[in-house]
Amino acid sequence: MKLSQIDRKWWKEAVVYQIYPRSFQDTNGDGVGDLPGVIQRLDYIKSLGVDVIWLNPCFESPNDDNGYDISDYRKIMPEFGTMDDFETLLAGVHERGMKLVMDLVVNHSSDEHEWFKQSRSSRDNPYRDYYHWWPAEKGTPPRRWSYFDKDGTAWKYDEPTDAYYLHYFAEKQPDLNWENPKVREEIYDMMHFWFKKGIDGFRMDVITFISKHDGYPEFPEEYQGQNMIDMYAQGPRLHEYLHEMNEKVLSHYDIMTVAEGPGTHTDNVLKLVGDDRKELNMNYHFDHQSIGVGDRGMVNEAFQDLVQFKQVMSDWDKALSQDGWNTVYFGNHDFPRMVSRWASDAPEYRATASKMLTTYLLTMRGTPYYYMGDEIGMSNIKFESIDEYDDIMTRNWYSLTQQEGGDTQALLDSHKITGRDNARTPIQWDNTSNAGFTTGKPWLTINPNYAEVNVAEQQNRSDSELNYFRKLMKFRKSELTLIYGSYNLLYSEHTQLYAYTRELDDKKLLVLLNFSNQVAECEAPASMHLGKVLINNCDAFSVNENSISLKPYQAVIIEVGQ
Ligand code: NOJ
C-alpha cells in the first residue's frame with residue numbers, strides 16, 4: 001500500500017471513544033450519570049489521546065430502553081441536564097481539539113413522542129402515517145419478530161383505533177414510517193438542528209432497518225426466526241433513503257457518519273459505505289459478536305473460537321480494502337466487557353489480557369471504536385439473579401424463556417458472559433464509596449472489583465492498563481502504517497495466536513497477539529527480518545531467528561526489516 005494512493009480523511013485517522021452518559025459520572029447525586037459529569041471529565045478524556053467522543057442518546061426519553069426511545073429529538077433528557085449543559089459540553093470538546101458525535105435514533109421513537117400520541121389518537125389524524133399501522137379488520141398482521149417485546153411479537157394491538165402498530169424493539173418504541181416523505185423531512189430538519197449547533201457526526205442506530213417491505217409480506221422461510229435481522233436490513237428503499245439523507249443533510253457538513261449495521265455483511269456493506277454511493281462513511285457489523293452466541297444471547301463453546309474470529313475480521317478488512325472504510329470494536333453498551341468476552345477476566349490475566357485486546361483494536365485497519373472503561377480493563381459484573389438486571393433485553397428474554405418453560409438458569413449463566421448490563425455498570429473512578437461515580441445510589445450496581453480496578457489507581461502507574469492505552473494511542477498516531485497500511489494475516493489456522501503485518505510504503509510492522517491463557521508458539525515468519533520490538537505488554541520478549549514464543553495474552557509489535 002502506498003500513502004500517495006490513499007484518500008486521507010480525518011475520520012479514518014480518528015479513534016472514537018464511546019461514552020454511555022448514564023454510567024459515566026454523576027454530579028447531582030441522583031445515581032445517574034449526566035452531562036455535567038462528562039464536562040467534569042473532559043480533561044481525562046483528552047488525556048487518553050482520543051479524537052472523537054460518541055455520546056449515547058441524551059435526548060428526552062421515558063427511558064424504557066435507556067434513551068433509545070426518544071420522546072423529543074430536540075430536547076435534552078432532564079436526568080442528564082439541560083441544553084445549556086449540552087452546549088457547554090460541545091464547546092469544551094471542541095476547545096480541546098476533539099469532536100463530538102451523537103446518536104441518531106430514527107428507526108423508531110418513543111410511544112410518548114407527540115407524533116405517536118397524535119398518530120394513535122384517530123385513523124384520520126395527520127400524523128397517522130408517521131408510523132406503521134395494520135387495521136384489525138384485515139385480520140392478524142403477518143408475523144414480525146421483536147427484539148424486546150415480552151411476547152416476542154412486533155405488532156401491538158392498540159385499542160383506540162382498533163389497529164396494530166409495528167415495533168421491532170419494545171412496545172414503547174414504535175417504528176417510524178420512512179415511506180412517508182413528511183417523516184423523512186422532519187428527521188432531516190432535526191439533523192440540521194444538531195449540525196447547526198456544531199456536532200461532528202452521527203452514529204445511526206439500527207439504520208439498516210428503516211425501510212419496510214410494502215404491505216408487510218410473510219417472510220420467506222430462510223429469514224424466519226433469528227435470520228429476521230437480515231431480512232429487516234434489506235428493505236427495498238434503504239439506499240434510496242440514505243442517499244437522500246446524504247444529499248439533503250450530510251453532504252452539507254464536514255462530519256462523520258457510522259451505521260450501526262445489523263444485517264450488513266461483507267457482500268452488501270459497500271452499498272452502504274462505498275465511496276461513490278454517497279450514503280454513509282462507515283458501518284459497524286455484528287459478525288464477530290455472533291461467533292458462538294445464539295438466540296437470546298445463549299453462548300456455546302465456540303464463543304472464543306479464534307480461528308473463526310480471525311477469518312471474520314480478515315474478510316471484513318478485505319471487503320473494505322479498496323473502497324469504503326472499515327471499523328473495529330469489541331465493546332459497546334450492547335455487548336459485554338471486552339476482556340470478559342474475548343480474553344479472560346481471571347485476576348491473574350485481566351490486566352495483560354485487556355492490554356492485548358487494546359493492542360488489537362489500535363493496530364487494525366479501520367476506525368477503532370473504543371468503549372469507556374475498557375481502558376482500565378473493566379470486566380463483566382456477572383449478575384446472579386434476574387432482579388439485579390436493569391436491561392429490558394435480558395429481562396424480556398428471561399420472561400419469554402420462563403413463559404415457554406425453558407431453562408432460565410442457562411439464560412442467566414449465558415448472560416454473565418453476553419448480557420448488556422455487564423458493560424453498563426458505572427465507571428470506576430477511584431476506590432471511595434460508589435467508585436467516585438455518585439454520592440447517591442447508583443442506578444446499576446457498581447462492579448465490586450472497583451477497589452482494585454479504578455482510574456485513580458492506574459493514573460500514575462506506568463505499567464497500568466490506562467497508561468498502556470495512552471501509549472498505544474500515541475503509537476497509532478505516530479504511525480500512518482497502522483492507519484492506512486495493508487493488512488496481511490499470518491498463521492490463519494493457529495488456535496492461540498493472531499498475527500498480522502501492516503505495511504505502508506517502506507514500513508512494515510508485525511503484530512503478534514496471544515489470545516489464550518497458555519504459552520503460544522510458532523515458527524518465525526519466513527523471509528522477515530525481525531527488528532526492534534516497539535511495543536510489548538509483558539516484561540520480556542526476545543526475538544529469535546527461528547521461533548516465536550508468547551506468554552499468555554502477550555502482545556508484541558515488531559519492526560520488520562526489508
Ligand atoms: C441499538 C442500540 O445500540 C441498543 O442499545 C438499542 O436497544 C437498540 N438499537 C434499539 O434502539
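Analyst: Start with one pair. Arg296 and Glu404 form a salt bridge, with 2.7 Å between their closest N and O atoms. The term means a side-chain nitrogen of Lys or Arg within 4 Å of a carboxyl oxygen of Asp or Glu. By that rule, three salt bridges cross the interface of domain 1 and domain 3.

A word on the source. This is a predicted model, in which local features need pLDDT of at least 70, side-chain atom pairs count only at pLDDT 80 or more, and totals for chains, interfaces and linings use all residues. Residues are numbered from 1 along each chain as its sequence is written, and side-chain values use heavy atoms, with hydrogens and water left out.

Now the two partners. The domain assignment gives domain 1 as 10-108 + 181-385 + 422-472 and domain 3 as 386-418. Such bounds come from an automatic or database assignment. The domain centres, taken over C-alpha atoms, are 23 Å apart.

Next, the contact itself. 19 residues of domain 1 touch 19 residues of domain 3, where contact means heavy atoms within 4.5 Å. Between them the two domains bury about 1,900 Å², 52% of it on carbon and sulfur atoms. Buried area is the accessible area (1.4 Å probe) that two parts lose on being put together, summed over both. On the domain 1 side, Arg296, Phe383 and Ser385 lose the most area to domain 3. Together they make up 39% of what that side buries.

Domain 1 and domain 3 share 12 residue pairs in polar contact, both residues at pLDDT 80 or more. Here a polar contact is a pair of N or O atoms within 3.5 Å, one able to donate a hydrogen and the other to accept it; residues adjacent in sequence count only if both atoms are side-chain atoms. The domain 1 side that touches domain 3 has eight nonpolar, five polar and six charged residues.

Methods. Nonpolar A, V, L, I, M, F, W, Y, C, P; charged D, E, K, R; others polar.
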